[in-house]
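Dear colleague,

I am passing the structure on to you below, with the sequence alongside.

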Amino acid sequence: MKIEAELHRILEKAWCSIPLTRQDCKYLLSLEETSFASGLLRSTAGSIIRSKNDNSAVILGQIGVDISLCPGGCKFCVFGDGHTKFTSSHMSEEELYEKIEGFCKFGDLYGLYLMTMHQYDLDHYLRVIRQARKSASETTQIWANVGDSGLEALQEIRKAGVTGIYHVCRIGEGKDTNLKPEDRIRTMRHALDAGLELYTCCEPIGPEHTVDELVDNIFIGVEMGITQHAAMRRVAVPGTPLAKYGQISELRLAHIVAVIALCSLTVPTMAYIGVHEPNALSYASGANIITAESGANPRDCQGDTSKNRGMDMARCRKMLFECGFTHIRRGDESKIPLNLEYLHQTDSLN
Ligand code: SF4
């Protein structure tokens, strides 16, 4: 069995914590996901990431707190103005409380995302953050997923109790969306300047995207000092304009997750690697973040995704266990052993 010298050289670099270059990234992404080389890449990424984290993983919760006809107009999102079938709504305080209680019942939620639309009412959103901070477990961090924002707004968001934000300059930004790449990147810079952690993602990946487009997108995060990186495939939701291109397989997604993991692991602030939507192949390939979802979701025609695509906490725990993780991390980095007994205790075996 022969391993290409170039693959061997790049994997050796990763094992030795030497940063990978764009050229290395391009080489890895150009490999066929069905090849022996891809298997080696994916198992290398999985082994390195697990060895750095004591074989632990984190569970996040995401609650979509608002729905509106979004001027972002993203051609892959169910809320895009021009093609959405949704009408505007805000989640009530009672519903938000109930959902947080459900996520935090066993105290093992690492971070809770509060997701709103591209345009949002800052005062209302700050009230939502404060309510979430009061209702969530002390060991759960509160995170924001908001549209483009100025420095002052992000400083307010931080003061209200948020640790970090998810923000992305998407593949095809400005072409498949009504938003400008420079505004997206400016918001990411503002977040760091406001003292927030930055979580980003290479998304939304479709079958038509080239390796060069993926490399450019991955390195936005790698070069910015992120705390989390991730990969998300575009879901071909019927009715969204880009659904006609179809979607990549979970195997291809796992291959991309492995490449992102190896390219990000030398970023000094990097902690965890995500994948959307959760799948076992990616958890064997370097991903160690799983997300339970409730409320609005750009990848779901159902107004409350917990009734359709969104996974609940029990399924998240079970999937991490089946993928061989032995610990779940809380938001204060303390660890809970993940074993059969824990799955019993948390009603996660069904
Ligand atoms: S992805 Fe976000 S910004 Fe784009 S249309 Fe959907 S809600 Fe708006």
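The side chains of K335 and D54 meet in a salt bridge, with N and O 2.3 Å apart, where a salt bridge is a side-chain nitrogen of Lys or Arg within 4 Å of a carboxyl oxygen of Asp or Glu. This is a predicted model, in which local features need pLDDT of at least 70 and side-chain atom pairs count only at pLDDT 80 or more, while totals for chains, interfaces and linings use all residues. Residues are numbered from 1 along each chain as its sequence is written, and side-chain values use heavy atoms, with hydrogens and water left out.

Helices (H or I, at least four residues) and strands (E, at least two) are DSSP runs, numbered from the N terminus. K335 is partly exposed at 35% relative accessibility, and D54 is partly exposed at 38%; buried means under 20% relative accessible area, exposed over 50%, and partly exposed in between (1.4 Å probe, protein chains only).

By the salt-bridge rule the count comes to 18. Among them is the pair D176 and K175, whose closest N and O atoms are 3.8 Å apart; D176 is buried at 9%, whereas K175 is exposed at 56%. D183 also forms a salt bridge, with R186, at 2.9 Å between the closest N and O atoms, and both residues lie in helix α7 (residues 181–193), 3 residues apart, about one turn of the helix. Salt bridges that share partners also join E6, R9, K13 and D24 into one network.

As for the cysteines, the structure holds 0 disulfides, a disulfide being a pair of cysteine sulfur atoms within 2.5 Å. The sulfur of C201 is 6.8 Å from the closest cysteine sulfur, that of C202, which is too far for a bond. C201 is buried, with a relative accessible area of 1%, and C77 is likewise buried, at 11%.

Finally, there is helix α4 (residues 93–104), in which E98 lies. At 56% relative accessibility, E98 counts as exposed.
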